[in-house]
Amino acid sequence: MESFTSPTVTQRDQILVEQQVFNIFKTFYNMPPSSQSFMLELQRENHVEYLTNGLKQLGPSFCVLDANRPWICYWILHSIALMDEFVDPELEDNTIDFLGRCQDPNGGYGGGPGQMPHLATTYAAVNSLVTLGGDKALSSINRQKLYSFMRKMKDASGGFRMHDGGEIDVRACYTAISVASLLNILDDELVQNVGNYILSCQTYEGGISGEPGSEAHGGYTFCGLATMILINEVDRLDLSRLIDWVVFQQGVEGGFQGRTNKLVDGCYSFWQGGIFALLKRLNSTKGERSIPLGGGEDSDPESPQTTASSDATDEGLNEDLSQGGSHSEKADQHDTSSRVNVDKIDHNSSKGHAKVEPLFNSLALQQYILLCSQDLNGGLRDKPGKSRDHYHTCYCLSGLSVCQRSWLGDEDSPPLPRAVLGPYSNLLEPIHPLYNVVLDRYQEAEEFFTRS
Ligand SMILES: [Zn+2]
């Protein structure tokens, strides 16, 4: 029994993090209200300054990210857009030119000029250009060549390879499908069997792993779920178990961990928090849809799985994407008592405004982001004691935006003040949770790529 008395490394780390976080909370709650409201304030000016400087020039230590330069663009541009700020026209022009130089002559984007095209950096480049918006940025994307690059990355298993000869995983599937959907080039060929691949990655815990047989993980679960929604096959997943898994990833600190028994980390504010935004969207877009909240009755022989995917390709995916996709009304009318009719829940929320609480503790997550992840001098971080970086700034802010709208039934009206922790000026722009781009930038791109 001795081994049970000495804590493991992870247990020790967990105790240390809890102590640090609880000290911050204790200090906060002992402060006078005026200081409290300062502590909870999103330091917009400092964040924008930190981000804009990063877009202009980075120190020599960033050479390790040389193969991720479009990612740095995306993290920075998206963070700035979330705060409803813009970069100056010259910097915008330079960024478009730079990303143009990352575009491979045969399609797709590499990590830097002349580098091999890669699905992840392609996603980052396309999301950056969509975030910048405008004809110059959007028309710089060679969609035809990009489509043939994606076809080349498609594997016989249904999954996608990250790059020529690269690994097949859920991220590759998501980045390919997200980009294809955003650019309106998603078709049967790209969609074929992707759902089988994602399905093979849902684990016994309910979350989704990167590859079949690995451990459920927040980033992959977001990517897998978003992919299944985009290809209109989300009903094939065991959503009940997925929800069960994700709700238990929120820790005592208020933030999320990425995997069971791991430490809290600010970036999972989006990877896990975004899952709730996807689920909410799934529920609110179609009244008749229901998510199974009861015990595992997933093998309904009349489930709409196969018809859903063929419907998707017949009717054009664009419409389904913007609506979260649901062709399952008829089948769902066979619901038994183990399933909750989400329509009834949502009905309340659209009338009574925010009567339905989110499935996670949104205020606790906002508290973690603002008090523990925020560097008051600009930028956000993983956890106290770590340094700020552009990646965590992007995903902490994306998570914050998701939290602020987690109560809403009606996407068009602004959230109630009590849904926004701290001053109401903390309110960020809404995102489209399937792509993680700011909603109005998504709408501009959607219109542009429907026309052209
Ligand atoms: Zn992180």
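Predicted model: local features only at pLDDT ≥ 70, side-chain atom pairs only at ≥ 80, totals over all residues.

**Exercise 1.** Determine how α10 and α13 are oriented to each other, and which residues meet.

Solution. 
1. The axes of α10 (residues 170-182) and α13 (residues 218-230) are 9 Å apart, at an angle of about 40 degrees.
2. Angles under 35 degrees would count as roughly parallel, and 65 to 115 as roughly perpendicular; α10 and α13 are therefore oblique to each other.
3. The crossing of α10 past α13 is left-handed.
4. On the α10 side the contact is made by V170, R171, C173, Y174, I177, S178 and S181; on the α13 side, by Y220, C223, G224, A226, T227 and L230.
5. By class, the residues of this contact are 8 nonpolar, 4 polar and 1 charged.

**Exercise 2.** Which residues touch the most other members of the largest nonpolar core?

Solution. 
1. The core has 114 residues, and those touching the most other members are C173, A176, I177 and L225.
2. Helix α5 (residues 69-82) supplies the largest share of this core, 10 residues.
3. Leaving out residues up to four places away in sequence, I177 touches L186, L190, V194, T227, L230 and I231.

**Exercise 3.** Are N184 and N436 buried or partly exposed?

Solution. 
1. N184 is in the loop between α10 and α11 (188-191), and its phi is near 65 degrees.
2. N436 is in the loop between β3 (431-432) and β4 (437-438), with a positive phi of about 55 degrees.
3. Most residues other than glycine have a negative phi.
4. A residue is buried if 20 or more other C-beta atoms lie within 10 Å of its own.
5. N184 has 19 such neighbours, so N184 counts as partly exposed.
6. N436 has 26, so N436 counts as buried.

Conventions
Residues numbered from 1 in each chain as written. Axes fitted to C-alpha atoms, helices over the stretch in contact; angles between N-to-C directions. Helix = DSSP H or I, 4+ residues; strand = E, 2+ residues; numbered from the N terminus. Parallel < 35°, antiparallel > 145°, perpendicular 65-115°, else oblique. Left-handed = near helix turned anticlockwise from the far one by under 90°. Contact = placed C-beta atoms within 7 Å. Nonpolar A, V, L, I, M, F, W, Y, C, P; charged D, E, K, R; others polar. Core = buried A, V, L, I, M, F, W, Y, C linked by C-beta atoms within 7 Å. Buried ≥ 20, exposed ≤ 12 C-beta atoms within 10 Å, placed from the backbone.
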